[in-house]
Each structure stands twice: as structure tokens, then as C-alpha cells.
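Hi,

Here is the model I promised to pass on.

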Amino acid sequence: MAELDNASDAAAKKEHLSSISDPKKSSNKDTLAASLASSNPLSSNVWWFIKHPVVRMLTVIMVLFANIYVYLGDPASFSSAKSYGTLVGDIYYGWAQPGPTPGLRVLRTFYMLFLACLGTYLGIKIQQNILRDYFKLVLFGYDNKSDPDRDPICNQDGAFFVVFSSVSMLWYVGLNLWRGIGFAAGVKEKLLPDSGMHGLTFASYNLILGGLMSWAADWYAVVAVTDQMLQGIKDGKGTGYLAYANADQGHAMEPVARTQWLRDLADWWGPRRVLLTRGLLLVGWPPVLVAYYVNYLGIMETLTGSEPDTHVTVGTNWAWSTEWNDEYMRMLAASLVAFLNLVIVAQDWDFPDFSGEDIKIVAVDFSSFRFRVPQCLVRLMNRCPDMNDYLQIYISAKWFNYFGLFMGIGFDWAYWFMTALCFRPCDYAQLWDSETGCVQVPK
């Protein structure tokens, strides 16, 4: 009888781990099923520990504070040189920077609109043909037949963010191509460093844009991860509930009695989640935003003030000492943040296909955003094959909640690649002292 029960439990686990039912193209199905089995907390004690609710919360909080540590010690935060701002500066240039002539300015605007339309079309095709139909990813709208009442609009899940990414990259690549063609034609339309970001310095770009947006995204990730976990446990279904809060059967790593606190917390959180998540966001954002801005004002006063020329040590504060703030420690901190960002993604209870149960969006009481595209685009989209299914834009709760996390990852990895891996003091109007190893910041 025991062997029969074990066999039935194994079969139930195998059925739970499988998220694709289409027998065709079994290579993709088998690969994804194997990945699900190897990373599921129900079948692996290592992943059970990595994806434990307490470990998940500690991970996102570590990223939150490590980012503060990184930005307050970054030499680019103490540079008064003019900033250009990759990608953001390109988009500003494309839409807002005056051209050599009014005609070229108008032509560039139409070029940006063309790139936006092309990026939208390519993004939808990537979501449809590659991510959904070929790789059969539930996160991108693939129907695994698990929900008989599934709304057909869910077929476009993830399309909004694929379009967002494709349009942004097309603007970046297309504008570099535009400038290259212009130079070849003799049009002197340089993208000056102080025009790309409208005169912002590296200090303001790094602290005000990079630091603040990174903090906002990281704090949102803390609230979103907490809310997602407690929603899953409150609903009493899904991988997280079965692994960490199952009231009927405990896990080998944790008996039923020790999971009662999670069920009690989820029961308390459920009816109050909208108020609690809104409160946490409002309490967590303003103090650090003000602290970043005050720190920036102090730095700029030191760098550009009218005081007599004196030697002032910058880069030392409550987070950094003179001895610790060197390129090795900064690289270690930035690498830790980049690594933990990947861990946060892998800690999702439905990783790697993210095909879990529907949840609600953070701070609201509904599970998706739906809105129609402007009427002026309807006729244009109706002319394109397969585009009329996207006249109503759909953003699921999982995509919306993880958008903040992905934004944080974007800022963190941009920092890692742009000001950590390839940091050169000369790019920031700074000097390197080979004898002391210090970066000199001239006023």
C-alpha cells in the first residue's frame, strides 16, 4: 500500500510539473518539462530552500540595500562632466533635439514614427510566432489547455513588453544609423554630450535617474514579491502553496505544523492587501528619494561651489570609507547585485515558464489591464494580417508586477556594464592617481 501511495504521489507531482499539453514538437515540451522538474521545490530540496518565502524576501531586500551602497560610492556620482545617457539620450535626441534645419527636424520626427510602427509590428510577430507558437511559453500567451474558460485575449500576454523593448531598441539602432547616414552625406548633426540629456551631469544622471529609478523599482519588487507569495498561499493552490503551506501534507524539509504561520499571515494579508501594498509603496518611496536628492545637492555643491580650492575627500559617507571605496569593492558590490537579480527571477515559484495561477496586480483589486488602442490606429492595424487581434491591449498581473523587477534589473545591469566593468576616469573628467589608487575629481 505504501509503494502504491508513493507511486501515486510521484504521478501527481509529475502531472503538476507539466505545463504543456500539446504533443506536437515534443522537443520543446520535453526540454521545458525537464527544466520545470529540476527547478521545482516539490522535487528538489535545494530549490525548496532557494525558493523559500523567507529566502526570497531576504534576496530582494539585499538587492535594495546593495544598490544604495553601489550608487553612493560610484565615482560617476561625483563627476560634474556633462552626461549623454545611452538609449535615454538617443530617444531624447530623436524627439526633442533641434535639427540643423526645420526640414530635417520634421523628417527625423517622421523617421521616429516609422521606427515606432516597425518596432510594434516586429514585437507582435516575435511574441506570436517565436515566443508563443514556437517555444510555447505560457508567459507569452501560449494556451496549455489548463483553463477551459480562458479568455482569448490572453493569447497576447507579454506582447506589450515585447513591443516596448523592440521599439526602444529600434529607436537606438535606427538613430545611430540616421546619424551615420547624415555624416556620410555631410550633414553636421553631432549628438553633443550636453544635448543628449539636456545638460545633466553624470552625477545627476547617475544619482537622480539611475539611483532613484533603481530604488523605486527595487522597493516595488519587495512589495510585489511579498504580495504574490501571500496571494498564492491564500488561494490554496499552486507550487508555492503545495511546497510551503500545504495544510494537508508537509514537505520533507518542513512539517505541516511549522507552516501554520504562513497560512495565518496570508489569511491576514488577503482582505487588507490593497491598503497594505499602497501604504508600503507610499511609505517606502519618499524618504529615500529625498535622501538621494539631498545627497546629490551636497555633491554638486562640493564640485561646483565657489569655495577656495581645497582638497576634499568625496565618496565617503555612511556607506563607504576611504579604505573600502576602491574599484575592487565597487565591482564586487555591482556583481553581487547583478547576480542576485538573476536569483530573484529564478526564485519565482513558476520559474522557468511562469505559468502559475492568476494573481492580482499590486495595490489594486483586479488581475489585468485592458484598454483599446487609439481610434486613429485602428484602420492601419486592420490592414496588417494578425494585427486586428491587438486592438485591445492586454497586460496580465504577472507581467505588470514583474515590470518593476525587470526595470530594476535593467538599471542594475546598465550600471554594471557602463560604470563598473568599463570604468575609465577620463570618461568622467577625472584623473587616476597611480601611486595612491585614488580617483581625483577636479573642481
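Below are the notes on a helix pair, a strand pair and one leucine.

It's a predicted model, so local features need pLDDT of at least 70 and side-chain atom pairs count only at pLDDT 80 or more, while totals for chains, interfaces and linings use all residues. Residues are numbered from 1 along each chain as its sequence is written, and side-chain values use heavy atoms, with hydrogens and water left out.

Helices first (DSSP runs of H or I, at least four residues; strands are E, at least two). The axes of α4 (residues 53-73) and α13 (residues 327-346) come within 9 Å and cross at roughly 150°; axes here are lines fitted to C-alpha atoms over the stretch in contact, with angles from 0 to 180 degrees between N-to-C directions. The two are therefore roughly antiparallel (over 145 degrees). Among the α4 residues that meet α13 are Val63, Ala66 and Val70, and the α13 side includes Ala333, Val337 and Leu340 (contact is heavy atoms within 4.5 Å).

Next, the strands: β1 (residues 368-372) pairs with β2 in the antiparallel sense over 5 bridges (pairing takes at least two DSSP bridges). Arg370 stands opposite Tyr394 in β2. Of the 5 residues in β2 (residues 392-396), 4 are buried (under 20% relative accessible area, 1.4 Å probe, protein chains only; exposed is over 50%, partly exposed in between).

Finally, Leu104 in α6 (residues 102-132) is partly exposed at 23%. Beyond its neighbours within four places in sequence, Leu104 is in contact with Trp178 and Val187. Val187 is 83 residues away along the chain, with 9.8 Å between its C-alpha and that of Leu104.

Cheers

Key
Parallel < 35°, antiparallel > 145°, perpendicular 65-115°, else oblique.
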